[in-house]
Amino acid sequence: MAERGDESLVHTLKKVAAVLKQSEIPFALGGSFAVYAHGGHSSEHDVDFLIREVDVEKALEALVAAGFVAERPPEDWLVKVFDDGRMVDLIHRPIETPVTEETFADTVIRPVDAIQMPVLSASQLMVHKLLSFSQHYCDFARGLPLARSLREQIDWERVRKETEHSPYAEAFLVLLDRLEVVPAAGTPTGEGTS
């Protein structure tokens with residue numbers, strides 16, 4: 001994490017995680033810091049936590065009591081908190097799918113700057129990234145570092161299955177195949193990757 005130069009953002013991440021843990025609010029780390037927690041590289045620099053919608057009010061109350069400033073943006077799938085200007089997204093409906101107990105079951109406990117916390121699985125991070133692509137946002141350059149750096153941890157058949165309805169995800173997976181980042185669909189693991 002230190003090589004990113006985001007030490008103050010890491011400190012904010014740790015503070016949010018500590019408050020959520022102390023308040024017994026289930027959560028999972030997502031986004032670019034989750035990629036780093038898995039040992040990967042991401043081109044984004046933000047803090048995302050996934051929480052259930054039912055826990056939004058309790059989380060905001062606890063974080064405001066701990067000194068954070070809360071914001072309710074017009075988007076109805078997240079709320080934000082700020083720590084001395086550093087923003088953290090608390091997402092309860094990523095990719096138009098509610099956060100549930102199944103979301104939290106698809107995590108791995110990882111140390112993030114000495115604090116153990118649940119982190120979204122590499123496969124789920126890739127699914128979220130691919131399903132975020134649309135006609136309004138389709139920046140494959142942001143998905144390539146994730147795919148390249150975590151490719152051995154990602155269940156690519158699962159990713160294909162969970163994103164098969166998206167033409168943007170399909171195009172990205174074809175790109176990964178052509179770049180020999182991942183094996184083509186149906187290729188035995190270990191073949192076709194460099």
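In particular, is the crossing in which α5 passes α7 left-handed or right-handed?

Modeller: α5 passes α7 in a right-handed crossing. Before the details, some background on the whole chain. This is a predicted model, and the pLDDT of the protein chain averages 91, with 91% of the residues scoring at least 70. Where pLDDT is low, the predicted coordinates should not be read in detail.

The protein chain holds eight helices and seven strands. Its radius of gyration is 17 Å, close to the 16 Å given by the globule rule for 194 residues, so the chain is as compact as a globular protein of that length. The C-alpha trace spans about 50 × 35 × 30 Å along its principal axes.

Now the helices. Two packed helices are described by the angle between their axes and the distance between the axes. For α5 and helix α7, which covers residues 156–163, the angle is about 35 degrees and the axes are 9 Å apart. On the α5 side, the residues that meet α7 are Ser123, Gln124, Met126, Val127, Leu130 and Leu131. Their partners in α7 are Trp156, Arg158, Val159, Glu162 and Thr163. By class, this contact has six nonpolar, three polar and two charged residues.

α5 itself runs over residues 122–132, and it also packs with helix α6, residues 140–150. The axes of α5 and α6 come within 10 Å and cross at roughly 160 degrees. With angles over 145 degrees counted as roughly antiparallel, α5 and α6 are therefore roughly antiparallel to each other. Their crossing is left-handed. Ala122, Leu125, Met126 and Lys129 of α5 meet Arg142, Gly143, Leu146, Ala147 and Leu150 of α6. Sorted by class, the contact of α5 with α6 has six nonpolar, one polar and two charged residues. Met126 of α5 takes part in the contact with α6 and in the contact with α7.

α7 in turn packs with helix α8, which covers residues 167–178; their axes come within 9 Å and cross at roughly 155 degrees. α7 and α8 are therefore roughly antiparallel to each other. α7 passes α8 in a left-handed crossing. Trp156, Val159, Arg160 and Thr163 of α7 make this contact with Ala169, Leu173 and Leu176 of α8. The classes here are five nonpolar, one polar and one charged. Trp156, Val159 and Thr163 of α7 meet α8, and these residues also meet α5.

Technical notes:
Residues numbered from 1 in each chain as written. Predicted model: local features only at pLDDT ≥ 70, side-chain atom pairs only at ≥ 80, totals over all residues. Heavy atoms only, no water. Axes fitted to C-alpha atoms, helices over the stretch in contact; angles between N-to-C directions. Helix = DSSP H or I, 4+ residues; strand = E, 2+ residues; numbered from the N terminus. Parallel < 35°, antiparallel > 145°, perpendicular 65-115°, else oblique. Left-handed = near helix turned anticlockwise from the far one by under 90°. Contact = heavy atoms within 4.5 Å. Nonpolar A, V, L, I, M, F, W, Y, C, P; charged D, E, K, R; others polar. pLDDT = per-residue confidence, 0-100. Rg over C-alpha atoms; globule rule 2.2 N^0.38 Å.
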